Every structure is written in C-alpha cells, then in structure tokens.
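Here is a friendly walk through a two-chain model for anyone who likes to keep the structure open while reading. Have a look at it first, and then we can go through it together.

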Amino acid sequence: MQLWLIPAFPLAGFLINGLLGRRASKGFINAVAIGSVLLSFAWVLKTIMGLGDVSSRYVEHYFTWIQSGALQVNFDFAVDRLTVVMLLVVTGVGALIHIYSVGYMGHEGGYYRFFAYLNLFMFFMLTLVLAANYLVLFVGWEGVGLCSYLLIGFYFLRQSATNAGNKAFIVNRIGDFGFSLAIFLVFLNFGTLDFGGVFANVPGKPETLLNTIGLLLLVGACGKSAQIPLYVWLPDAMEGPTPVSALIHAATMVTAGVYMVARSNVIYIHAPVAQEAVALIGLATAFFSATIGLLQNDIKKIFAYSTVSQLGYMFVGAGVGAFSAGIYHLVTHAFFKALLFLGSGSVIHALSGEQDVRRMGGLAKKIPWTFWTMLCAAVAIAGVPPFSGFYSKDMILAAAYQRAPWIYWVGAITAGLTAFYVFRAIFLAFFGAYRGHEHPHESPPVMILPLAALAFLSLAGGFLFDVPQFLERLFPPIEESHDVTLVAVSVAIGLAGIGLAALFYVVKPSLPDSLAASFSGVYKLIYNKYFVDEIYDAAVVKPVVNGSRSLLWKGVDVGLIDAGVNGLGWSARGIGGILRLLQSGSIRSYATWVVFGSVVLMVAMAMAGGVR
Amino acid sequence: MYASLVPTSAEMIRFLPELILTVVATLFMVLDPLLGRQSRHVYGHFSILALLGAMAAAVYVYRDPGAAFSGMLMVDGFATFFRVVVIGVGILTVLPSYRYLDREDAETGEYHALLLFSIVGQCVMVTANELIMIFIGLEISSIASYVLAGYLRDDRRANEAALKYFLLGSFATAFFLYGVALIYGMTGSTNLATVRRAILGGSLGSAPIFIGVAAALMFVGLGFKVSGAPFQIWAPDVYQGAPTPVAAFLSAGPKAAAFAIFLRIFLTAFQPIGPGWEPLVWVSALASMTLGNFAALTQSNIKRLLAYSSIAHAGYVLVALAARSNVGTAAAMFYMAAYAFMNIGAFAVVSHLSGKGERYLKVEDFAGLGAKQPGTAALLSIFLLSLIGVPLTGGFFGKFYIFKAALDSHLVWLTVLGLLNSAVAAYYYLRILVMMYMREPGEAASRIQPLTPGLRAALVLPALGTLVLGIFPGWVLDFAGRSSVFVR
C-alpha cells in the first residue's frame, strides 16, 4: 500500500520549499506546498480504495527503529477505521487551508518559510495518526508541537508572538512529561509499545496500573488538546497567522489528544477512574472556557476559547464511553471551527488587521461571502438541526445522559453558552452599523473557495458522513437512546442562546452594559478569564523564575557547579599539559615508547594470556 | 581441500571491487604523464566513478557470499560492511580534495592513484580470512598512505610527517609480522579458523605461552594502526603535518580497516584466550580515551586537536572489543561508520577554512564562522555534536551501543570511566562551537572562500549520514548485528 508515501509528500514539499523557497517564485512555492498536500490526499483516497472496507487493522512494517535489550521499537504504520477518519480530516481540511493561505499570506514576509513549516506540520501530523506504536506516535506528537511553536512565533519580531510560542512550548512540556511517563510504564508492564501488542494484553492487568497509565496519558492529552489545567497556551497561540489557528489550533493538532485517548480506548475501558477523570476534565473545560468566551472582544480569542470548550466536549464523549461520538465531534468540529477561523481571517483581512469585534459591525453587506459562510459555521456549532454540529453534540449528550444525567445538563447549558457567544460574535461583526475606520473589501476567490467548501461540509457533514456507524466495530457499543425530549431540550437551549444573543446585540444593544454594571463582580471575574493566567504567574512562574535565578543560578550553579567544574577543568588542563610533554616530536623517543609498550604487553600476555 | 589453484569465475567476481579500483588506479598511473594539466579534475571524477562502481560491486557480490582464492578471502556480511565503509570514506575524501589540490597547486593524478591503491589495500584487509592476506592488505594500504601523508613535497611539515609515519609504521608492522611468524611456527597455519582450532585443540604442548606472546605482538602492530594507547604517539604529528584531506582519510579509512582485522583476528583466532587479552584491551581502551581526551584539552591547533580526539575515539571502539561479544562487534561496526561520517565532515570544514598553505589552523580561527558562513557553521556543529555524542546524531547511538555492550559484558568500571571521559571530551568540542557563534569574526573567517560544489557535497553528505544514523540507527545496526556473527 506504500503508506509511507502519505507523509512523504508533505515532507518533500517541506524540503523543497525550505531549501529552494527563498529564491523561488510564489507560483512555484504554491505549487509545491499545495501540490504535496493534494498528492497526499489522493494517496489517502487510493489507500482507502485499496483496503476495501478496512474491516481489520492493516500494518506496514518498514524497519526496526530501535533495538536495545528487551526494547524493540519498529517503524511501522498502520491503518484502521479510526486512522482513515483522521487521515481524511487532516489531508482534506489541510488541503483547503493550504489553498486559503495563498490568499491570506500573499502580502506577508517569509512566504516560503510559512509554507515550509505548514508542510512540515502535515508530515508530522500524518505520522502521528499513522503510527502503529506509542513511540512513533510520540515522534509525530513532538513534531506537530515543534511546528506549532514555530508558527505561533511566526511573526518573531513581535514580542507577544515570541512569548506565546514560549508559553505553548513550556506548558506542553508538562503534558509531554506525563505522556512519556505513560510510555515508560506501558513498556515496563507490557514489554512492547506496539498498539496491537499492548491492547491485546490489557485485560488482566491490575486496575491501579491501568488507571495510572490512563491518567498519565490524560496529562499528555491535556497539554496537547488544551484542557484544564493546561489550556492556557491555546488562546495565546492566536498570535500566529490565522490559517495556522485554523489548521493547527482548531482542526488537527489540538485534536491529537482526543485521538490518542480514543486510540487507547482499551486502556480506558479497563481503567474506570482514569475514564471518569477524562469526562470530568472535559466537562469542566467545556463549561468554563465557554463562559470565558462570552465576554472576549478579540474575534480570534472568542473562537480560541470556543475551541478549548469544544475539545472538552470531545473528552466528555470519550470519558462517558462514547468514543465514536467524540471522534464524530472531532470531525464536524474540524469543519465548522476551521471555517470560523478562516472566516474571521477573511474579516481581519478585509479590515487590514482589525480583530476587535467592537470596532466591526455591519459587515454582512460589505463582505457577503464571508458573512454567509460564517453563518453556516455558526448554526452548525450552535447545534441547530439538521446541521453537522447537531448530530455529534447530540450524540455526546445522549451518551452522557446514560452515564449521569447531571453531565447532560451541564453539557446542554454549555451548548447554550456556545450558541450565545458564537452568535454574539456574528451579530457584533456583521449586523448593526459599521464602527471601524478601514474600508472593508471582500477577500479574493482563492480564499472564498475553501470557505464555501467548508460551509458545505459544516451544513451537510453530519448526515453525509455517519462516522459513528463507520467506527462501530472499533469501539465498545454505545447504548442507543432515542429520547426525543433530551434532544428537544438541548436544541431549545441552543436556540435560546441564539435568541438571547440577538436580543442583546441586535434588538437592545444597551442591555449588555447595564447587565455588566449590575453584575460587575461576576463580569470582572469572567472578563479577566477567572484570573487563571495571573494565578499561574504568581503561583508557578514567578517562584520558578525567582528560585531559578537566586537559588539555582547564583547559588547552586555559580557557587557549587561552576566552582567545581572550573576546578576540575584546571586540573584536567594540568594533566593535558603533562601529556603534552610526552609528545617531544623526536622520532627516537617515539620508537622507545613503542618498544616500551610492547615489552609491557608481551610480558603481561605471557603471564596472563598464554597460561590457562 | 584446495582442488584447484585456478580461481573460478565466482571467486573472481567476489574480488570485483578490488579489481575495479586496481585497474582504474593503474590507468591513472599510466595516463598521468600523458594528460596535461588542463585535465586535472578528470582524475577526481573517475575516482568517484570507480569508487561508486566498487561500492555497487561490493553490495552486489554480497548476494553470493563465500570464500575466494583457496579460502584466503572471505566475502561475508562483516567484510561487505567494512568494504562499503572504506570505499565510502574514499568518496568522502575525494570530494574535498578537488579544492584542496587546486589551492595547494599540487599534482592530481598520482594523488588519486595512491588513494585508490590505499583503499584497495583496506578492502583486501577487511575481506582477508588469513594472516598473510591481512598482512599484504595492510602493507598495500600503509605504503600508499605513507606517500599520501607527504604528498606536498615542498612542505617541511608534510615531509616530516611522512617520514615519521613511515619509520614508526614499518616498525610496528614488523611486530605484527613477528606475531604471524610465531603463529605459523606453532600451528602450521595462517588461516584464522585453523589457528583457533589449533589453540582449542591443546596440541601445542608447552607453546601456549608463545600464543600469548604472538597475540601481544599483533596487538602492537594493530594498536599502532588504530592509534590506540600506548602506540598512539605518532598520530598527532602525522595528522598535523599531512594534507588535511589525507588526515581525514587516515583517521577514518585505514583505521576502520585496522579495526576490522583487529576484531577478526582477536575474536576468531585468539577467542579461546580471550580472558587473557581482555585486561590488556581494557587498559589500552582506558589509556587511549584518557590520553586522547585530556591531551586534546590543551591543543590550540585544530588538526592536532582532532588527532587526539581520534585517539580517544579509538579508545571507545577498543571498549567494544573488550566486550568480546557479538553485540560489541556490532557496536564497533556501527561506531566506525558513524565516526567516518562525522570525522571526515569535521576535517572537510577544517580543510575549507584553513586557506592556502593551511595558514588558519588555530581554534581561534573559527571565530565568527557562524556569522560569516552560517551553512558551514551549522554543518560543523552537527559533526561536533555527533563527536560529543549528543542524541539525534550517529555519535550518540555509537557510544550508546558500545557502552551498552560493555555493560552487558559486565565491564562496569570501564563504562563508568569511558562515560566520564566523554564528558571531558565535550569541553574541547564545545570550545569550537563557542568560537564559531559567540566571537567576532577574525582574519580567517573574513578571508573564507565561498563553497565549491565538491566541498558542499563533502560537507552535506557526511552531515546527512550523521543524522540518518542518529535518527534511524536501526537500519545500520540491524545489518551490523547480523554480520557480527561471522566474526566467531
């Protein structure tokens, strides 16, 4: 099947653009960057055709990567139905976003660098989803992280962008630490890292062990997928160019944690505590970040908190045992959230960089294509039937109700909040009177086309792709429930959210301010994102920095280590100086040295070697 | 057993790589007086073609492994591995030589002919299955390299280097030959497997003491060739005086071949008296690492620094020999491949930077290279990091596998001391990195020439090799592991 070709195309694109792009024309760079992703997409389709209905796991072995004692890690790729879904999302949505970027990045410096990184990201992301064992997955995992940091800090002359890149890097280290501990534990207890080998032996292992592994994997997933308490990096990551926010920080990379949890579903099913933790962390994240989203004014930040919240939804799905519903939501979310980001990119593009919704308004007539496509995404994410978000969200909520009704209720209220903040952004940006100074202009067709394609998918993706049925055999079955009341209630809450947003921002625009005044305490708390960044800063960052500076740097490093090393260094150089004397340059003394050495050797061998 | 003295065609084909190289080298000798100076690059082009052909042949003949010429040569995985390594070293030596020979205004025909002859000798060494063939290969390789070391006739240092190399080299080879003679006298054979059987058979009467002496004599000869302590003393003077591409060659090609026969002789013929020679290798390994690393700390001349570093690296490989196991052999094989890449790469940068007449060889001359030629500096950083043994480079996995093999063989102290040694080594490599990136450009960096295509290839290929070995060590290690069983 030559699965390796799927990531190889973008890698080749990265190498070509990275090495030759500086001098190449834009046309060449576009052809290489988009062409490689399209080829990869085509190869995914061909692979799927070749595999038929992918009823079993198909593995391709390339070579033994690391062999050391009992540790044997193969460089293997594997395809099952879960991988198929991920491959289609990554290459399909990825290709659309690459095309969009041609228009969006057209006026930016570092054009070739941007596309080289983007292709490198595709390579690592495809490696991640194709991996047949935890270590290869980890390679992709770290690789997408690397690209993410590089692209967040793409405008590296801007201090805030560099800081955001650093923040993402450092927060993810915590998650990756947990993930690597999980990998060590898996190897210690299963003797292999291969998915097949590990999952076959999960039943029968002690529950404490599985819970520990599951919780550590969850720590890793929390870092990558921006869940409480490690979500803080994702809103800042919006410093990167908007197509990056769409591709990496909405549609693909941040869902890697959900994918990893779904991939490890066998472990979670046998680890009730860890699975419970997945559901609770997901639910808490979904709810809290949705409330933060209510009061944000930067259009990208609104959608960033929305992404965190929706990722929480996916974790709830996995946590209540509805893995296929979680993946379903991952797919639909990739459509409508990529569209929301690309659409807001189009708005920002139209307003020459303005991101504050308070300085927009009335854009519906000025940039109609952007407006209508974004409206499609908004109804999808708000859970309005029969659009894509409705299907996946409803499925997660139904499964949650089976597990515990209160999870359903929190989830349904979150859905209402989601509908509210998304339509708040839509109403503020596109309705009312224009409050800005720039002259808005519609984006070029190369940007509109991907928007239209994603709009179609956001509307119709739900019933076009029945992901749960496709994944049926891979995961434990979800208890079917056809409780119409539950569906009706959650839809009603969603519509109420839209209605409230319309009331607040279209019908009576003075209402929000008066509400903010009467609930000023709550307002300030939420407006400042619960002060989480400030708390982390005071509780973690400052003590670590100060401690490192005064104790570790000035105390331990300078006082102890440097002094010790310098002392050692001087004595080492002293020895070196003595050795130098041996090297007189005189050939006679060299020959004497050889004779001396050989006599010692021969005596030693005659004494020790010959006599047995 | 030896039915016919006329070799069959299958046997001739197993000798194909050596044949190709010999024919081309001889043609160079004949054509050199006929062709004018205009065609001075022709020899380099044809050398590369011949070496590529020989490498392809070496890989091709492995499809039908076996003995040749009445069992004197043995084409097996082990031999094929080292054939590819020494031929690859040849290619990586030819590439920077174009620019070097132009710059020093030296003849090219003889140079390439000598290089090819030396590689032929090394190929014979690594395929040889008995002591006389090994000796012949050793001499073919050595004599050509003596001349190469002094190739710049008008350079006083090169002359001195060549003379020292020749005198001490012949001295050491004599020791080796005495060892061979003793073995033949006692066992009546020079075939490695037969010698081993004779030692195991215990039919040597009162002779075992002389087996030990013979092993010691050979150890002297081979220790000299791999520049292991206490026979390392020639290396700094010779590397410093020899033309830089030749120094690169000497540090990788002849050394790899010498280690190949070291492993073959000591793990095949002298395997039964292993417990006897293991302490010697132990001491020699530790002494090489310590001497090399500590002496390198105070060097200001970059070629001398790399010479001492190559002594230290010989020490690491001796650790693998001391492990006396298949894992150790595989680790040594892997290390030689990784070392060939990183060391030739580092020497190629030195050759590029040193300028006409090799004026700029101080460590200080690397100051500001990172600003002046970032590409070159980045590649040199890869080589230096690999020499230190930083992960994601071939040097890391080389050291990792060697010390793991040592631990598996319960050589705990040697492992600990070796690891401490590599920590010391980090200092003098990092000093170069600091110079490149944290100092203002000096005279050398401001006079640096742009890279020629040959030099670019000479830098990029080893860097790629270093990284591939560091990221996918399994590819090479697998083969080395499977081949190591032939040395038994």
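## Ground rules

Two residues are in contact, or touch, when they have heavy atoms within 4.5 Å of each other. The model is predicted, so local features need pLDDT of at least 70 and side-chain atom pairs count only at pLDDT 80 or more, while totals for chains, interfaces and linings use all residues. Residues are numbered from 1 along each chain as its sequence is written, chains are lettered from A and ligands numbered from 1 in the order in which they are written, and side-chain values use heavy atoms, with hydrogens and water left out.

## Where the chains meet

Let's start with the interface. On the chain B side, 48 residues are in contact with 34 residues of chain A. The two chains bury about 3,600 Å² between them, and 72% of this is on carbon and sulfur atoms. Buried area here is the accessible area (1.4 Å probe) that two parts lose on being put together, summed over both. B:Ile233, B:Phe294 and B:Thr298 supply 17% of the area that chain B buries against chain A, more than any other three residues.

## The largest pocket

On a 1 Å grid over the protein atoms alone, a pocket is an open set of points with protein on both sides within 12 Å along at least five of seven lines, a cavity is a set where a 1.4 Å probe fits but cannot get out, and lining residues have an atom within 4 Å of a point. Grid points are joined across faces, edges and corners, and a volume is the space filled by probe spheres set on the points.

The largest pocket holds about 2,200 Å³ of space. Its lining has 48 residues, and those closest to the centre are A:Leu11, A:Phe123, A:Phe124, B:Leu467 and B:Ile471. Helix 1 (5-20) of chain A and helix 20 (453-471) of chain B are among the elements that each supply at least two lining residues. Helices (H or I, at least four residues) and strands (E, at least two) are DSSP runs, numbered from the N terminus. Helix 1 of chain A gives the largest share of the pocket lining, eight residues. By class, this lining has 40 nonpolar, four polar and four charged residues. In this scheme Ala, Val, Leu, Ile, Met, Phe, Trp, Tyr, Cys and Pro are nonpolar, Asp, Glu, Lys and Arg are charged, and the others, Gly among them, are polar.

How many cavities of 30 Å³ or more does a search of the whole structure find? There are six. The largest cavity has about 110 Å³ of space. Of the 14 residues that line the largest cavity, B:Ser142, B:Tyr165, B:Lys225, B:Pro254 and B:Lys255 are the closest to its centre. Helix 6 (131-149) and helix 11 (244-269) of chain B each contribute at least two residues to this lining, which by class has eight nonpolar, four polar and two charged residues.

The second largest cavity has a volume of about 80 Å³. Its lining residues include A:Phe390, A:Lys393, A:Asp394 and A:Val491. Helix 18 of chain A gives the most to this lining, with four residues.

B:Gln240 sits in helix 10 (residues 235-241) of chain B. It counts as buried because its relative accessibility is 13%; buried means under 20% relative accessible area, exposed over 50%, and partly exposed in between (1.4 Å probe, protein chains only). Leaving out residues up to four places away in sequence, B:Gln240 touches B:Arg157, B:Asn301, B:Lys303 and B:Arg304.

B:Val487 is in the segment after helix 21 of chain B. With a relative accessible area of 0%, B:Val487 is buried too. Among the residues that B:Val487 touches are B:Phe78, B:Leu263 and B:Asn326.

## Backbone features to look up

Most residues other than glycine have a negative phi, and most peptide bonds are trans. The peptide bond from A:Ile228 to A:Pro229 is cis, with omega near 5 degrees, and A:Pro229 is in the loop between helix 8 (207-224) and helix 9 (233-236) of chain A. Another cis peptide bond runs from A:Pro385 to A:Pro386.

In chain B, phi is positive for B:Arg324, near 50 degrees, and for B:Leu392, near 75 degrees. B:Arg324 is partly exposed at 27% relative accessibility, whereas B:Leu392 is exposed, with a relative accessible area of 54%.
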